[in-house]
Each structure stands twice: as C-alpha cells, then as structure tokens.
Amino acid sequence: MKIITTLAIFMFVTSSYLLGQITFDYSGAELVLEHFTDNQDNVEKIVNNPGYQHILLHSKKYSSNPITEENLRKSLNGQNEGFDFSKVRQRKDTLLQIIAYLKENKKNIIEKFAKLPLEYLPNDYKQKAIIYFVIGGYNGIAFDNKICMNIDYKQFRENYNELNLYIAHELFHIGFEKYHTLPDIFKAKTVQDLKEIVLSMTMNEGLATLTPYHKRIEMNEISDYDYKVLLDTTALNKKITQFNSIIKYLDENSDKKLTNKILGNVLGQCSGDRLFYIVGCYMGLKIEEKYGSKKIKALVKESPEIYFETYYQLMKKK
C-alpha cells in the first residue's frame, strides 16, 4: 500500500511539474476572432499580442523578406500581407471549437504529447515553454521557449491530433535550442558554411520529426507527408539519394563563395522537398534502433557532425 501511495504521489508531482512548466495562451486567436466576427477593432491589440510579436520576431530573424507590423495591420484590414484572415468569419464556429478543445484537454495534451520530446532530450533538460495559439502565419514556429501554433492550419482544423503531435515536434525544437545555437543563414559566406547549416537543420528537424513518430504509429496517425514517405521504402530511398547528392555537392565545392543561387537550390531542396525532416528522422530512427533513445539524448549534447558520423558509421556496418 505504501509503495502504491508513493507512486501515486510521484505521478501527481510529475504531472503538476509538466503542467506548471508548459503554458497555453489563446489570447491571440481570441482577439482575431473578436476582430473579424464581433466587429471589434482589435488591430493594435493583435499587433502587440505576444504571440504575434513572436511570429514577427521569427520572421525578422530567419526570413529574407520579413513580415512587419505594418504587414500584419494591413492583413487585419483585409489586404492579406503575410497573414491570411480571409476565411476567419466563415470558420468562426470551427475555430471556436478548436479553442474549446484545447482548453478542455490541456492536461491530457501536456501529459500525452508534451512529454514526448523528453525521450530524446538530455536528462538535465528542464522543459519550459509557452504555447501561443494564433490564427494566420506559419503552421508552427518555436524558439526562445516560445511556440506559436496556427489553429487555422488545414491539417489542424481537420484533425486535432495533428495539432497535438505538432506541439510535440515544436517542443523538441525548444529543447534542442538549449544545446545548439540556431544557425544564422545570413552570416554564411562559403559553401562550407552552408554545409554546417544543412547538418544542423537536418539534425534539429529530423529529431523533431522523430519525436512523435512512435506515437503516430501507435495512434495510426500517419497521413502527414513526412511519415508517409518514412513508411514507404521506395519513396524514402529517393529522398536519401537526393540528400546524399546534396552533401556530395557541398563537400566538392566547400571552398566556393556562397551565392544566392546555391543557397536557394540547396535549401530549396532540403526544406521544400522535406529532406531536413525525412532524412534527418530516418537517421535518428536508425541510431535509436541500434543504440536506443539514450544514445540520441547523448548526441543532442554533441555537434551535428558527430550525429552524422554516428549514422554513417552505423550504415557502414550493414
């Protein structure tokens, strides 16, 4: 009886810790709904909302053509400059239902999905994040302990589990950032610099894609493109071949000056063709299959080069 009581207390404390370290903020989405469906002028409130400020900061830091506050204002006035609010009025009931679902299921989402990244992050990592639920913008972004999730993203509207599984993906990024500085694409000068960025992003996005992989299999939630490819040997091998050819090109041209054409071609394939996510996840799966998730926990503290070397050595032994 004493053991059962102790276990119950431990589970309660662990649950309370997780709930206390992850915060949900629905204010951005609610302000947008009021603005478009209740005829409230919330423009400045939305522009100054921490969720939308986080989106604008992300765009400023990582986009070659950043979205500004003025773009957001114009979008809120119907001009669609970086934020598509055109269907908010007609989707009012759907969006309100998503917010209600998130509020009612917060505890379950945190306990079932938010803990998934901890399987792959070092044991000394202390999970802490605020998740802003917004309307418009990217489907999901994460940095500096803050995440923005666009509840109007089609995949999320049609299946709430996709929203939950993406939360796990983004939470991994928050943890990874504690051990690795996010690459600055604008500072890259040579093809070698670009290769370092490719390795870093492949590890980061790949492991974030791995984070909900086993849960997706368990729940039979495998309709997302990345997971369809991962489970299709022929399609997966094409992605691996494509990625290997990019790495070969980067190695053979490492001393070259980086041009916009090279940058666009390489990142266009790696991001647009989902190589960061699919091939990076495959690498993680192979490492986990051989050594267990503890090895990935250890590798997160190492450089992306070591992550790649671990994978390549594993492939050589086959």
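**Rings and charges**

Reply: K103 lies over the face of Y26, 5.2 Å from the ring centre. A charge sits over a ring if NZ of Lys or CZ of Arg is within 6 Å of the ring centre and within 35 degrees of the ring normal. This is a predicted model: local features need pLDDT of at least 70, side-chain atom pairs count only at pLDDT 80 or more, and totals for chains, interfaces and linings use all residues. Residues are numbered from 1 along each chain as its sequence is written, and side-chain values use heavy atoms, leaving out hydrogens and water.

Me: Which ring does the charged end of K106 sit over?
Reply: The ring of F24, at 5.7 Å from its centre.

Me: How many aromatic pairs are there?
Reply: A search of the whole structure finds 18. Rings of Phe, Tyr and Trp (its six-membered ring) pair if their centres lie within 6.5 Å; planes under 30 degrees apart count as stacked, over 60 as edge-to-face, the rest as tilted. One of the pairs is F24 with Y26: edge-to-face, 6.3 Å centre to centre, 85° between the planes.

Me: Is F24 buried or exposed?
Reply: F24 is buried, at 8% relative accessibility. Buried means under 20% relative accessible area, exposed over 50%, partly exposed in between (1.4 Å probe, protein chains only).

Me: What about F24 and F133?
Reply: Their centres are 5.1 Å apart and their planes at 75°, so this pair is edge-to-face. F24 is in strand β1 (residues 22-25) and F133 in strand β2 (residues 129-134), so the pair ties together parts 109 residues apart in sequence. Strands (E, at least two residues) are DSSP runs, numbered from the N terminus.

Me: New topic. Which residues do ring pairs link into a cluster?
Reply: F243, Y282, Y307, F308, Y311 and Y312.

Key
Helix = DSSP H or I, 4+ residues; strand = E, 2+ residues; numbered from the N terminus.
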